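Q: Please go through the terms applied to this model and say what each one rests on.

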Amino acid sequence: ACGRRGSRGCPAAGEAASPAPYVRRVGWLREIQATIRERKREHAVHILRLLRKDLGLEGTFLNEVLYKNATFLNLVDPISHDLLMSLARDLQCPKKEYDPWKSSDRICRQLIYHLTPHSKWHRHGVPRRKSQVCLKTSLQKKVSQDSMDLSGIPLTMRDVHRMAYYLQNNGDHLTSVDLSFTELNDDMVRLLLPFLWALPKLTHLSLNGNRLTRATMKELTDTMKDMNKFPCLAWVDLGNNVDVSSMPQPLLVGLRKRLSQQTTLPTIYEALDCDSEISTAGSTPPRAFSQRGCER
C-alpha cells in the first residue's frame, strides 16, 4: 500500500536493498583490519576518520579525538566512542613493548561485535540473522511476559502494524522492548510511538542499529515533555543509526523525571567477546601528532 516512495515513506525497490548504516561501518572496520595487517598505518588512520565522522564523532588528528570530542556528556553510544579513542591511540602512538597491530585488530573485533547484532543466538551457532517468519512466533511466545525481543528480525511496515496491534492488546506487562537491528526507519517508529508510549511499565527501549535519523530523536524529545507518555521509561538506546550521535538535553531531562529513585541515568554494561584492552601512552609519537596527545 506504499505506492511510490514519499518524502520519508517506504523505500523504492532499489533502495530497499541498500545496507543499513552499521553494515558500512563494519566494512570500514574490516578494511582497517586488512590495512594494519599490511602495516599501512596511514591508510588505517584515514579510514578511522571516515568511521568517526559517520558515527557523528568528528575528529581527524589524535588531539582532536582526545580533547575536542572526549567530553560529550550526551553520547548515545559511549562504548563505540571509547573503543574508537583506544584505536586512535594504538594507530597513532604505538608502544614499542608490544605489537600495536595485534592490539588494534583486537579493538576492531570488539567494535565489530558491538556494532552488529550480537544476541544469544550468535554464540550458540544459531543463524546470525533471524528470519521474518520468526516475527509471529516471537510475538506469540509466553516465555517472558515482561519483554519483547525482536532484535535481528528485518521488519516491514506490515510487520510494524502487526506489532502495534500486539502492543495494544498484550503490552500492559512489558518492561523491555528490543527493536535493534530490525531495519526500522523514521516512519515505522512514528507509527509505533503511540503504542509504545502507552505501555505503563516500559522501562527499556532499544532502537539501535537501524535507519533512524534526528527526526525520530525530535519526536521522542517532544513526546517526553508529556509525563503521561512513557511513564516509566528510564533508558533508550539510539546508537548506531544514521545521524544520531548525542541525546538532546530535553530528552535526558524527560528521562530523569521518570526516575523517581535515581539521580543518574542507568549505565549500559556490555560483555564483549574478548576482554577489553586499555591503550595508553605511546613512547615516540608519529611526526604528525604532538607528544601531548600521546601522553594523554
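Q: Where is Phe-230 found?
A: Phe-230 is in the loop between α11 and β4 (235-237). Helices (H or I, at least four residues) and strands (E, at least two) are DSSP runs, numbered from the N terminus. This is a predicted model, in which local features need pLDDT of at least 70, side-chain atom pairs count only at pLDDT 80 or more, and totals for chains, interfaces and linings use all residues. Residues are numbered from 1 along each chain as its sequence is written, and side-chain values use heavy atoms, with hydrogens and water left out.

Q: Why does Phe-230 count as buried?
A: Its relative accessibility is 0%. Buried means under 20% relative accessible area, exposed over 50%, and partly exposed in between (1.4 Å probe, protein chains only), so Phe-230 counts as buried.

Q: What makes the backbone of Phe-230 worth a look?
A: Phe-230 has a positive phi of about 50 degrees although it is not a glycine. Most residues other than glycine have a negative phi. Phe-181, in the loop between β2 (176-178) and α10, also has a positive phi, of about 55 degrees, and at 2% relative accessibility Phe-181 counts as buried.

Q: Which residues touch the most other members of the largest nonpolar core?
A: They are Val-177, Leu-184, Leu-207, Phe-230 and Leu-238, in a core of 37 residues. A nonpolar core is a set of buried Ala, Val, Leu, Ile, Met, Phe, Trp, Tyr and Cys residues joined through side-chain atoms within 4.5 Å. Helices α9 (157-170), α10 (186-197), α11 (214-223) and α12 (249-257) each supply at least two residues of this core, and α9 gives the most, with 6. A second, separate core of 25 residues includes Val-45, Leu-57, Leu-84 and Leu-111.

Q: Why does Asn-208 count as buried, and what does Asn-208 touch?
A: Asn-208 has 11% relative accessibility, which means that it counts as buried. Asn-208 is found in the loop between β3 (204-206) and α11. Not counting residues up to four places away in sequence, Asn-208 touches Ser-180, Phe-181, Asp-237, Leu-238, Gly-239 and Asn-241, where contact means heavy atoms within 4.5 Å.

Q: Why are α3 and α5 called roughly antiparallel?
A: Helix α3 (residues 41-54) and helix α5 (residues 78-92) pack at an angle of about 160 degrees, with their axes 10 Å apart. Angles under 35 degrees count as roughly parallel, over 145 as roughly antiparallel, 65 to 115 as roughly perpendicular and the rest as oblique, so α3 is roughly antiparallel to α5. The contact is made by Arg-41, Ala-44, Val-45, Leu-48, Leu-51 and Arg-52 of α3 and His-81, Leu-84, Leu-87, Ala-88, Leu-91 and Gln-92 of α5.

Q: How do these contact residues divide?
A: The contact of α3 with α5 has 8 nonpolar, 2 polar and 2 charged residues. Here Ala, Val, Leu, Ile, Met, Phe, Trp, Tyr, Cys and Pro count as nonpolar, Asp, Glu, Lys and Arg as charged, and the others, Gly among them, as polar.

Q: What angle lies behind the term used for α2 and α3?
A: Helix α2 (residues 21-37) and α3 pack at an angle of about 165 degrees, with their axes 9 Å apart. The pair is therefore roughly antiparallel.

Notes:
Axes fitted to C-alpha atoms, helices over the stretch in contact; angles between N-to-C directions.
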